[in-house]
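Here are my notes on this entry, in numbered points. Please read them with the coordinates open.

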Amino acid sequence: MQGIRDAAAVLKKGRLKEINEAASSLSFIREKLGFESEDEAMVFVAIFDRQCGNRKSDLEDISDYFECSSLDVMQYVPAINNLVKKGYLTVENRNEALLTNKNFLVCPDIFYAIIEGRDVEPVEITENIEYDQFDFCEAVGKLVEDRSEYRIETKKLFICVQKLEDEYAKLPLVENLKGVINDVEDRTLFYEMCKDFASAANTSKRLPESDFNDTVNDIYDRIKNRAAVKGAIVNSTHPLVKAELICLSREDEIKLTRKGIVLLYGENSNAVLPSNKAENRYEFVNLVYNFIIDTPRRRGFKAQHEFYMNMNQIEEENIGLSMVAKTRTHLSEDVKARIIFYLTAREMIDGDTYSISDISDFCEKRESVQIMSSLKRGAHPLVKTGIVEVTGGGYYEGAQLQLTDKGKEIFLEEDLELFEEKVDDKDLIKPEKIYEKQLFFESSLEKQLSILRESLEEENYQKLCKRLGENKLPNGVSILFYGKPGTGKTETALQIAKATGRAIMHVDISATKTCWFGESEKLIKAVFTKYRHLCKKSQIKPILLFNEADAVFSKRKDSTSSNVAQTENAIQNIILEEMEKLDGILIATTNLADNLDHAFERRFLFKIKYENPSLEAKMNIWKDKLPLLKDDEARKLASEYDFSGGQIDNIVRKSLMEEVVKGKKPNLSSLMEMCDNEKIGGNEKTKIGF
């Protein structure tokens, strides 16, 4: 204290001319406090002396103390900065950008240690640790305030901000912003908005905004420049808008985007933003759904632009999820398509489909109509890339979206097996479970079936598929067995499966019909999805069997007549579409070929007609079923009764029942009596002659 008093007595009002007289005192102070130079001792004495009078000191105060010019005092700035760094001095107004306006004080622990005669133990500080991004933005804000009050010009403002950036170049905010925004003018606007945001973030319930006109007017002193910046922001051509750091929220407000807030707050951005980080794909699609329903209805281009920009940022925050990265790769240019994909995936988790009409939840009406139309026409990127498919009948309300196998692979990845349709044993007939039977047909029918059977033997089938592929032809094999009931259509399918070692996935037609609107379409779509899965899992592709297919392959109806007609037409459209892209074997049987829609005709590669068996074939059937019959007896039964194989089976079963009950084998007479009673309406003997 004595050394400081002695030095102060000489230096105060000494106009820096009496320094030599204070040399011994300054040397003593320098030694005691560990200063590096006499300059440090001099400014410390001045600031300490003024602080004893409860005054802080800026550079002008120090020049007044020494009674010298401000220019003379500037030579002591390095000494002042060194004392701040070593923990002897502190800056009261750290956010002040201009050095001349900064107020310096002796650190309290140093100040009272000297007064009380204790050891002085300064704590050295690292400037950039204490001085954070918020201090920096406050400093820029002070410069903007000086500009708005005409203390400096706009050009000088940008020069000062540039110098401030150079001084704090290692601040993450400065470093990262300079990496995306080249011009200091644009960065100044961002810093000013960050200052406004940080100042109000703790007191506002909603995310703070900046007044559009006031902010631009404070920075620019010329109307021409103000108009240019405002126009660029309104037209979304401003670098900050293009970089998705700021956006125009209303006509008179601009605000930081999520991306801008994350840039300002860094790893602490969750303090002001709800977390958009999802742990897995399932949380992510729920997050997207909640983001849509929680965001107020968006009207106008600017609101829509902000919405999609925020959606992009949610994806970027979750780019660590490989599902999100893959989706952005497949649909890189279309954020709307990605939203539809995420929402469709969310519905798939619950075993449901996404209604095409729900697109209007996040799109304006005209835009949603365009997207829905594009999806229905198959022109939308989601459909063209094979990620999503459209099901259902109505143009809007009835149409549904669901993920294709490719879409499921993108979304589910390693979890795909958890969601794959399992084929129930009751729907799957394995070849070893099929009882081998000998079938008897007339020669032309047998010839067609022989070609078909040989084509479906695995070696021949693989060659066929390869050749079709080389010629850019569909490699699916669709077969129609049509004709009278009981003529062996279904049994032929079973025996072909048995002979070629193929399982049969049998479609329960009744199970695909439901009274709930839109459900039948989903069920029929699920049939083909299940079949594709089965094909992938099987070494030999199974047969997809639609028995009595006229129930779903029937002629299309007038769609305006009823909802039922719409549903049936929608089912047929699905089947037609699936048959076009079939990669497997489909067999359909029907007793009512005339009821089939003509659109199905060209989809069937084989169309094989079944008539009632010929006389010779019926003889063979009778003898095969009842070996006890003599040739003439079999001929008599075959010639007098125009029965199908199924009807002959009925007679055989009844004869076995009689044998069990009465204990005697059937004879020709008893068999003919059974035949007379077989058809409703009485005797159906074949008429001979005219």
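**Notes on the predicted model**

1. Start with a helix pair. Leu 449, Leu 452 and Arg 453 of helix 25 are in contact with Thr 492, Ile 496, Ala 499 and Thr 500 of helix 27. Bear in mind that this is a predicted model.

2. Now the geometry of that pair. Helix 25 covers residues 443–455 and helix 27 covers residues 489–500. Their axes lie 9 Å apart, and the packing angle is about 40 degrees. Angles under 35 degrees would count as roughly parallel. Helix 25 and helix 27 are therefore oblique to each other. The crossing of helix 25 past helix 27 is right-handed.

3. Next, strand 12, residues 543–546. Ile 543 and Leu 545 point one way, while Leu 544 and Phe 546 point the other way. Are these side chains buried or exposed? All are buried.

4. Strand 12 has a partner in strand 11, residues 504–507. The two run parallel and are joined by four bridges. Ile 543 is the bridge partner of Ile 504.

5. Strand 12 also pairs with strand 13, residues 585–590. Again the strands run parallel, with four bridges between them. Here Phe 546 has Ala 588 as its bridge partner.

6. Turn to the charged residues. How many salt bridges does a search of the whole structure find? The count is 41. As background, side chains of opposite charge can pair when their charged atoms come close.

7. Arg 532 pairs with Asp 405, with the closest N and O atoms 3.1 Å apart. Arg 532 sits in helix 28 (residues 519–537) and Asp 405 in helix 23 (residues 405–412), so the pair ties together parts that are 127 residues apart in sequence. Arg 532 is partly exposed, at 24% relative accessible area.

8. Arg 532 and Asp 405 also belong to a network of salt bridges.

9. Lys 195 pairs with Asp 196, the closest N and O atoms being 3.2 Å apart. Lys 195 counts as buried because its relative accessibility is 18%, and the cut-off is under 20%. Lys 609 pairs with Glu 611, with closest N and O atoms 3.2 Å apart. Lys 609 is partly exposed at 44% relative accessibility. Glu 611 is partly exposed, at 44%.

Technical notes: Residues are numbered from 1 along each chain as its sequence is written. This is a predicted model: local features need pLDDT of at least 70, side-chain atom pairs count only at pLDDT 80 or more; totals for chains, interfaces and linings use all residues. Side-chain values use heavy atoms; hydrogens and water are left out. Buried means under 20% relative accessible area, exposed over 50%, partly exposed in between (1.4 Å probe, protein chains only). Two strands pair if DSSP finds at least two bridges between them. A salt bridge is a side-chain nitrogen of Lys or Arg within 4 Å of a carboxyl oxygen of Asp or Glu. Axes are lines fitted to C-alpha atoms, for helices over the stretch in contact, and angles run from 0 to 180 degrees between N-to-C directions. Angles under 35 degrees count as roughly parallel, over 145 as roughly antiparallel, 65 to 115 as roughly perpendicular and the rest as oblique. A crossing is left-handed if the near helix is turned anticlockwise from the far one by less than a right angle, and right-handed if clockwise. Contact means heavy atoms within 4.5 Å.
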